[in-house]
Amino acid sequence: METIAAIATPNGVGAISIVRVSGNKALEIAKKLTKKDNFSPRVAKLCKVYDSNDDLIDMALVIYFKAPNSFTGEDIVEFQCHGGITVSRMILEEILKHDVRLALPGEFSKRAFLNGKIDASQAEAIAKLIETRSREGAKLLSRQLEGDLAKFVEDIRNKLIEIMAYSEVFIDYAEEDLPETLGEDIKNMLNHIEETLTHTLEVSKRREGMLSGYKVAIVGKPNVGKSSILNALLNKERAIISDIAGTTRDTIEEDIQIGSHLIRIIDTAGIRAAKDEIEKIGIERSKKAIKEADIVLCVFSANEFNEEDEEIFNLIDNEKDVIVVINKIDKGIKIDLEKFKKFKIVKISAKEDIKPLTLALQSLLDSFSGEDEHILISTRQISVVEKALNSINESKEFLTTGELELFSYQIQDAIKAISEITKPFEYDEMLDKMFSSFCVGK
């Protein structure tokens, strides 16, 4: 396999840059560039690094990882040079002169997978760990790097194999004296697996924002104080505040830290019967923001509830996490709060104190953590679990009718599907698609 190289640190000014080389020629290249012969595995060595004209490039720490005890399972050498773009690029250019090619995005992780150093779930966890924007996400992904999801998948897989084995016993020994409860045992095991996977799927979809940052949309009619709430949360004048209805014409998005959670908060245009085309576009974007948000802050004025409020109230998706924010309580509460009793209600005055709202948000976000639950972290993983559930659901019909050959076929499909989370059967197309989203040098 070809020797590859790449800069493994992002562009920009910093204390250290890392140039990584993986393949059979890695150690040979390290010796040529440093003019040193003795490299002990996993020992950092301070070396002068030279170019092909014997001109000094830099003083760098050089670390040799001997195969198979390396990330990729191949010989790896890392040049830890002074930070900045120029020095690391000069070292990389010298490396590429020695019959080495530039690594493709994700190729180091791909080689680690192909060499059995990590499974597919761990590879995806690596990519997500680089991108995650929350502490909870980082903790979750660290557990998956240790094989937490892989163990969960293996347990489901083994149970499905056991079910298929029972089915084969029925087929091969139908005329023998088999336990009367065997069929019922298969059904119960299948139901338990289906419940487990369905729960995991639902939790994963609901907590997708744990990795990328939860989206929180502030919605309401014009002049209920949405922009005032945004400004108070950000502790700065981000949105224009005015008594003129329709001042906010488009969605405004900002990142904000609530407790240990980084969220993407979206202030939307007031929803009402639009008076012009621009405002109409803004209102349509507001409705879209409601659909895409993980949490909706639905804002109402404490002293008025009219037809526009009713329309907004009807837009609330009961399947979403909604906090009803009753604003302007400094002027007294005149509306009937009984209407909102099925939602979490927070009463504030955005001009005076929004602490009750931040506490409610933090409490809701903390409830999403689910440290003891298994979370699917990619569209690919969600897709294969849906495929497995579909096969399990179809298998039940054949189990009921006694068509055990077809039942076994569906269970086998479920096993193949769930196995794709860690060790997929179809390699090439899936690998290229999965690893192409990685950054270069990883």
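**View 1. Strands S3 and S4 pair in the antiparallel sense.** Six bridges join S3 to S4, which spans residues 56–65. The model shown here, as in every view, is predicted.

**View 2. Six strands build an open sheet.** Their order is S3-S4-S5-S2-S1-S6. The pairing is mixed. Strand S3 (45–50) and strand S6 (101–102) are the edge strands. Each of these two pairs on one side only.

**View 3. Thr34 lies in helix H1.** The helix covers residues 26–34. Thr34 is buried because its relative accessible area is 3%, and buried means under 20%. Leaving aside residues up to four places away in sequence, Thr34 touches Phe39, Cys47, Lys48, Val49, Tyr50, Val62 and Phe79.

**View 4. Helix H4 runs from residue 120 to residue 131.** It has 12 residues. From first C-alpha to last, H4 reaches 17 Å, close to the 16 Å expected at 1.5 Å a residue. The buried residues of H4 are Ala120, Ser121, Gln122, Ala123, Glu124, Ala125, Ile126 and Ala127.

**View 5. The whole protein chain holds 15 helices and 12 strands.** The chain has 442 residues, and 48% of them are buried. Take the contacts with a separation of 6 or more: residues 24 or more positions apart account for 65% of them. The protein chain exposes about 22600 Å².

Conventions. Residues numbered from 1 in each chain as written. Predicted model: local features only at pLDDT ≥ 70, side-chain atom pairs only at ≥ 80, totals over all residues. Heavy atoms only, no water. Helix = DSSP H or I, 4+ residues; strand = E, 2+ residues; numbered from the N terminus. Buried < 20%, exposed > 50% of the residue type's maximum accessible area, 1.4 Å probe, protein only. Contact = heavy atoms within 4.5 Å. Expected span 1.5 Å × (residues − 1). Pairing = 2+ DSSP bridges. Areas by Shrake-Rupley, 256 points an atom, 1.4 Å probe, with all protein chains shown as cover.
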